[in-house]
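Thanks for making the time this morning.

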Amino acid sequence: MVLVEKGSFIMGDSSGLGFDRERPAHEVIIDYEFVIGKYEITFDEYDVFCRDTDRESANDEGWGRGRPVINVTWYDAVAYCNWLSDLEGVPKAYDENGKLLDKNGRVTDDPSKVMGIDFPQKRSGNMLQKEEAFY
């Protein structure tokens with residue numbers, strides 16, 4: 001895990017060499033600190049969760065299991081985060097409907113109040129809505 005400190009940065013293409021979807025470059029403000037995994041979750045890691053929770057493993061489409069997991073729905077990612085939170089002994093990050101929970105298990109819209117293991121999702125215009133997400 002790595003710490004992401006609060007602050008701001010310029011996101012997007014300011015050189016004119018990138019894709020249209022990378023423009024315009026704009027300031028992103030992170031107004032609270034959080035930690036995030038240094039590496040993506042691999043199929044091997046996700047498969048442990050699937051075995052532990054009697055879920056079907058995600059399809060690697062023939063690419064192999066040692067690479068970052070794909071073909072996981074937003075709800076699968078929520079279940080993985082809650083499972084990992086349980087393993088780490090921290091409060092779950094999501095309720096049964098996928099809403100964020102604070103450290104006391106109350107629904108919150110403030111991600112800085114979440115103590116459980118969460119995943120990056122739409123908190124800016126750069127991520128998919130949960131209904132569209134298919135990792």
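Let me begin with a question: is Asp 86 buried, partly exposed or exposed? Asp 86 has a relative accessible area of 48%, so it is partly exposed, where buried means under 20% relative accessible area, exposed means over 50% and partly exposed lies in between, with a 1.4 Å probe and protein chains only.

Before going on, please keep in mind that this is a predicted model, in which local features need pLDDT of at least 70 and side-chain atom pairs count only at pLDDT 80 or more, while totals for chains, interfaces and linings use all residues. Residues are numbered from 1 along each chain as its sequence is written, and side-chain values use heavy atoms, with hydrogens and water left out.

Asp 86 has a partner, since its side chain meets that of Lys 92 in a salt bridge at 4.0 Å, N to O, a salt bridge being a side-chain nitrogen of Lys or Arg within 4 Å of a carboxyl oxygen of Asp or Glu. Lys 92 is partly exposed as well, because its relative accessibility is 40%. The structure holds 7 salt bridges, and another of them joins Arg 65 and Asp 60 at 3.5 Å; here Arg 65, at 24%, counts as partly exposed, whereas Asp 60, at 14%, counts as buried.

Next comes a network of salt bridges that links Asp 13, Asp 20 and Arg 23. Within it, Arg 23 and Asp 20 meet at 2.6 Å, N to O, with Arg 23 partly exposed at 34% and Asp 20 exposed at 63%. Asp 13, which sits in the loop between strand 2 (7-11) and strand 3 (26-30), is buried, because its relative accessibility is 11%.

Finally, the helices, which like the strands are DSSP runs numbered from the N terminus (H or I, at least four residues, for helices; E, at least two, for strands). The axes of helix 1 (residues 43-52) and helix 2 (residues 74-88) come within 11 Å and cross at roughly 85 degrees, the axes being lines fitted to C-alpha atoms over the stretch in contact, with angles from 0 to 180 degrees between N-to-C directions. On the helix 1 side, the residues making the contact (heavy atoms within 4.5 Å) include Tyr 46 and Phe 49, and on the helix 2 side they include Tyr 80 and Trp 83.
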